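Subject: Structure for your review

Dear colleague,

Please find below the structure I promised to hand over.

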Amino acid sequence: MKNIALIPARSGSQRIKDKNIVEICGHPLLAYTISSARNAGIFSKIILVTDSKYYSEIGIRYGAVSNYLRPSEISSAHSSDIEWLSWCITKYKLMPDNRVFILR
């Protein structure tokens with residue numbers, strides 16, 4: 001069994017502009033989530049699920065996988081989690097024997 005971490009980080013936050021990449025102590029916010037997942041030592045893969053090429057590049061730099069951009073039609077403030085989860089499972093071909101954890 002493999003443990004997979006999914007980290008949602010869409011751009012276009014309404015209340016705090018680009019909150020996922022706001023720097024705190026020299027690192028973007030999403031870097032701390034990726035770092036926590038890596039330090040947990042239980043994940044065989046950490047996937048950053050984003051609709052932004054820029055966010056994707058940052059995630060990769062900090063050790064996440066981000067091969068695909070989340071489509072805009074499932075990246076709005078009103079999109080449900082099941083939409084991006086279904087998309088992610090299909091895109092990354094996650095198998096039923098994987099344990100998937102959503103880290104926010």
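How many salt bridges does the count come to? The count comes to two salt bridges. Before I describe them, please note that this is a predicted model, and that the values below are computed from it.

**Salt bridges**

One of the two joins Lys17 to Asp18, with the closest N and O atoms 3.6 Å apart. Lys17 counts as exposed because its relative accessibility is 68%. Asp18, at 25%, counts as partly exposed. Asp18 belongs to the loop between E1 and E2, and its phi is near 50°, a positive value in a residue other than glycine.

The other salt bridge is formed by the side chains of Lys53 and Glu57, at 3.1 Å from N to O. Both residues lie in helix H2, four residues apart, which is about one turn of the helix. Here Lys53 is exposed, with a relative accessibility of 55%, whereas Glu57 is partly exposed at 42%. Between the C-alpha atoms of Glu57 and Asn67 the distance is 9.9 Å, and the two residues are 10 apart in sequence.

**Overall architecture**

The secondary structure consists of three helices and five strands. Along the sequence, these follow the pattern β-β-β-α-β-α-α-β. The C-alpha trace spans about 35 × 30 × 20 Å along its principal axes. For 104 residues, a compact globule would have a radius of gyration near 13 Å, and the protein agrees with this, having 13 Å.

Of the 104 residues, 39% are buried. The protein exposes about 6,400 Å², of which carbon and sulfur atoms supply 53%. As for contacts between residues at least 6 apart in sequence, 63% of them join residues at least 24 apart.

Ser66 is placed in the loop between helix H2 (53-61) and helix H3 (81-91). Is Ser66 buried or exposed? Its relative accessibility is 6%, so Ser66 counts as buried, the cut-off for that class being under 20%.

Two polar interactions of the Ser66 side chain deserve mention. Ser66 and Ser56 are joined side chain to side chain by a polar contact of 2.8 Å. The side chain of Ser66 also reaches the backbone oxygen of Leu48, at 3.4 Å.

**Asp51 and its surroundings**

Asp51 occupies the loop between strand E4 (45-49) and H2. With a relative accessible area of 22%, Asp51 is partly exposed. Which backbone atom does the side chain of Asp51 reach? The side chain of Asp51 reaches the backbone nitrogen of Ser11, at 2.7 Å.

Apart from neighbours within four places in sequence, the residues in contact with Asp51 are Ala9, Arg10, Ser11, Leu69, Arg70 and Ser75. Leu29 lies 22 residues from Asp51 along the chain, and their C-alpha atoms are separated by 16 Å.

**A nonpolar surface patch**

Leu29 is also one of the residues in a nonpolar surface patch of about 390 Å², which is made by Ile16, Val22, Ile24, Leu29 and Tyr32. Among these, Val22 is found in the loop between strand E1 (2-8) and strand E2 (23-24). Val22 counts as partly exposed because its relative accessibility is 34%; patch residues must have over 30% relative accessible area.

**Backbone at Cys25**

Cys25 lies in the loop between E2 and strand E3 (27-28). Its phi is positive, about 55°, although Cys25 is not a glycine. Most residues other than glycine have a negative phi. Cys25 is exposed, given its relative accessible area of 73%, while Asp18 is partly exposed at 25%.

Yours sincerely

Technical notes:
Residues numbered from 1 in each chain as written. Predicted model: local features only at pLDDT ≥ 70, side-chain atom pairs only at ≥ 80, totals over all residues. Heavy atoms only, no water. Patch = residues over 30% accessible without salt bridge, like charges linked within 9 Å, V, L, I, M, F, W, Y side chains within 5 Å. Areas by Shrake-Rupley, 256 points an atom, 1.4 Å probe, with all protein chains shown as cover. Salt bridge = Lys/Arg side-chain N within 4 Å of Asp/Glu carboxyl O. Helix = DSSP H or I, 4+ residues; strand = E, 2+ residues; numbered from the N terminus. Buried < 20%, exposed > 50% of the residue type's maximum accessible area, 1.4 Å probe, protein only. Polar contact = N/O pair within 3.5 Å; in protein donor to acceptor, adjacent residues only side chain to side chain. Rg over C-alpha atoms; globule rule 2.2 N^0.38 Å. Contact = heavy atoms within 4.5 Å.
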